[in-house]
2 protein chains.
Amino acid sequence: MSDKSKINPSKPRKIRDVAQWDLETDVAVVGFGGAGGCAAIEAADAGSNVTLFEVASDNGGSTAMSSAEIYMGGNGGTRVQQACGFEDSTEDMITYMMMSAGPQADEAKIRNYCENSTDHFQWLVDIGIPFKDSFHKERAIMCLTDDGLLYTGSEKAYPFAQQAKPCPRGHNLHVEGDNGGPLFMKIVAENVDRREAITVAYETRVLTLIVDEEDSVVGLVIRQNQKELNVRTHQGVILCAGGFVMNEEMIRKYAPMLTAGNTPIGNPGDTGTGILMGMSVGGAAINMHEGFITLPYYPPASMTKGIVINDQGQRFINEDVYHGRLGAFVVRQQSERVYFILSVEQYGDYERVSYMGSGVAGTGETVQELEEELELREGTLQQTIKVYNEDCVSGKDTQCHKAAEWLEPLVPPLVALDITPGRGSFLPFFTLGGLDTLPTGEVVDPQRDVIPGLYAAGRTACGVVRRAEGYSSGMSVGDASFSGRLAGKQAAARARS
Amino acid sequence: MSDKSKINPSKPRKIRDVAQWDLETDVAVVGFGGAGGCAAIEAADAGSNVTLFEVASDNGGSTAMSSAEIYMGGNGGTRVQQACGFEDSTEDMITYMMMSAGPQADEAKIRNYCENSTDHFQWLVDIGIPFKDSFHKERAIMCLTDDGLLYTGSEKAYPFAQQAKPCPRGHNLHVEGDNGGPLFMKIVAENVDRREAITVAYETRVLTLIVDEEDSVVGLVIRQNQKELNVRTHQGVILCAGGFVMNEEMIRKYAPMLTAGNTPIGNPGDTGTGILMGMSVGGAAINMHEGFITLPYYPPASMTKGIVINDQGQRFINEDVYHGRLGAFVVRQQSERVYFILSVEQYGDYERVSYMGSGVAGTGETVQELEEELELREGTLQQTIKVYNEDCVSGKDTQCHKAAEWLEPLVPPLVALDITPGRGSFLPFFTLGGLDTLPTGEVVDPQRDVIPGLYAAGRTACGVVRRAEGYSSGMSVGDASFSGRLAGKQAAARARS
């Protein structure tokens, strides 16, 4: 059987074309990843019957593939933040997330996320997610210990630290190694199993939505055991079907920036069908051009002491930012080559621990020698390093505002890594656009009128995080679990048809 | 009467809700600017009855407000190109336009545009558009003489010139001063008036589309003399209602980059309703994040000999590019200040002729003095100018690849203009996203299935030009007139319902 349905997810089925209803449920959730699981739990706990439809043979989605760090804080701090000695303010968290999202920030959504963030922490604890009250000091992309808290963004870096008091908000599950995602989904799935009101249908593809004469969403068409079935939903459909990172045509059309990347991050179901189904009934897809694209240049954390230069031998970013911010700035350079310049000591155990995989482009016993080897114009790298080293001594990076703790003069011999996009470095990416929703999870049209009966959460919706340059680890699973819960509650509160 | 209709353009009217048809036409064209006018002419010439609906009291749209340069060439050259001694190749034109559009290029559309460009020139001549066979040598944003041809893009600049043989393709109407737009629309309107098959309805707002049971577009709802009327279209509706530059909410939601600008360029009707109506019936809106944003830094052309620096005292762009490309690079800098540095001679009659209006941030009898006055880190601007001046002497800009003809050492005394976005410079902008269409003008859904009965052209569609960094003057009116014609022909060829 072909994986491509003849039914176009961009065209809903009309109720008059439904010969019979094969199944019925109060709430249908499309996709059993982090968002879908949390949506189902909340809808069931509010008294609705729920059916979870998952195209794969098991639950998990992209959440299970992730580290499942969860970005939480504000309100004086979560239990873990407080235990580790951090008092977090809601306003600082809002300011940081507003700066992260940039001009396209959804302030209502960010405020709601931040104001309810410690409550969300408690909800997660209540369903059984374990967090240890310990702080992981090392700068890391993911926490390989079982520590409960770490910095996972650009909170301590320019320009964020100048406007919002830094606080670590990345909450890591109490488990050794990079195993947060599987544990998170195991616990969510156990919660789903425990609720009799929830039915899970695996290996079931949702083909399209069903609308009534008023264009309200009243059901969906599924394919199960090679049969096409009409499912009547009495309260609503919640789309939690992921993003569109696996759909090359959509990437090129909507998020061309991401074509600079080389490794899509997501599960095979991230083909955009959830977003397309929402659009088909008038839902607005927004922020579709944005995505996360990164050069995961640490570990080793000592890389942060190096400098990044373009083909003019110039620095252009403070190297202590979150790796996704650096990646976004690298991708947008008009530069034929981009290098990471390090001393041998800073290079350290790069070869053993790096995820980035960038090759050595040159080495030099002197700066001049490296400059020549990289075929940079004479004097340019020498000048950049002269200025940088003077700034390291004075403790103030006048050029790119890297924090003092990372300022260490570059003393030859030096190594240059080639981090030019397209020349071998690992450049993972995923999408950050989706259906516009109210903080409740209700999908809205371009005029922000609600589409009755339709909800979205997780990556199918456009959530609190909107830009690569402002991303922090933990914002995706944080948003997925939080927005899933809200959509589940909202759908369950709707009058049954 | 409120200007805001209670009818939401994001929701079409259903045929079952149409009590009576008040008017009928074969083809309805929404918007009488350059695209709409050309669409009406072609549809009428193909045998259809056409009604043009225009919300304003007169025709013109944004075309009439523009210089109406028209980007044409290839195929050995237009009559004007050939007379001026330029032989243009279709492949060079395609290469240039593909580079301009970047990864989101629509190759089929660009090829069609280029391959038929000299024919389009002839069609324009045939309807009476006058072009003089003369070449305007001076670098200019708009041609204030009556010359027929000039360079209006980055054809001679890096990185374009390295891949496509440069050729001037900006065709300027035979009229003195910046009066191309009014003349273009006057001639188009005369052609419309001359055709009995075309009816023009001014002061008529199109509120929403009407769809039949199969979601084909079969008409539209208009408001005329404070009455709401249903218009039956037997062949199709062509949306030529401009972009969304006047809709602040849409700009923030879809094209946040443009919030850096300060002057929207367009007519008051550019509120995005054409795009919203297309989306309401399943049309895909694409490239919505992109727009043209510029620092119109020449005239005087001598500005091109200056350098642009960020707050690290670094150059980041070859200053001989089209002004829109420089604007796009300025906007994306992570830099608290951006300056244009010039010698007094290069500054020339800036104050008298500049459109940019940037204030003087500092002057210096020496580079060091200017560096201090601008509070740049000591040695940075000195180094940049040292390297630049050496490169000028050698005739090769090793850093930013500005063409040799513009390389002239910066000799103090120097002037610095503050071109930081938000600090007084003129930063005009407009949108470059719209409905996805086939080269025929048929509007398609996200799966690229055609929406029956719906067409779009001009800025309501997403045309051949897709990025600020690749824009050239003449691409908008070129695309509007060409895409309007194609949509008109295509609608007229459709079987009448």
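The model is predicted: local features need pLDDT of at least 70 and side-chain atom pairs count only at pLDDT 80 or more, while totals for chains, interfaces and linings use all residues. Residues are numbered from 1 along each chain as its sequence is written, and chains are lettered from A and ligands numbered from 1 in the order in which they are written.

Along its principal axes, the C-alpha atoms of chain A fill a box of roughly 80 × 45 × 40 Å. Buried residues account for 59% of the 497 residues in chain A; a residue is buried if 20 or more other C-beta atoms, placed from the backbone, lie within 10 Å of its own. Chain A holds 15 helices and 21 strands, which are DSSP runs numbered from the N terminus (helices: H or I, at least four residues; strands: E, at least two). Of the contacts in chain A with a separation of 6 or more, 76% join residues 24 or more positions apart. Two residues are in contact if their C-beta atoms, placed from the backbone, lie within 7 Å.

The same surface serves both copies, as 100% of the contact residues of chain B recur in chain A.

Each chain's share of the contact is 34 residues from chain B and 34 residues from chain A. On the side of chain B that touches chain A, the elements giving two or more residues are α8 (248-254), α9 (273-280) and α14 (380-394) of chain B.

Chain B also contains an open sheet of three strands in the order β11-β18-β13, with mixed pairing; strands pair if DSSP finds at least two bridges between them. β11 (263-264) and β13 (291-293) of chain B stand at the edges with a single partner strand each, so one side of each lacks a neighbour in the sheet. β13(B) pairs with β18 (residues 428-431) of chain B in the antiparallel sense over three bridges. Here Gly291(B) stands opposite Thr431(B) in β18(B).

Key: A residue is buried if 20 or more other C-beta atoms lie within 10 Å of its own, exposed if 12 or fewer, and partly exposed in between; C-beta atoms are placed from the backbone.
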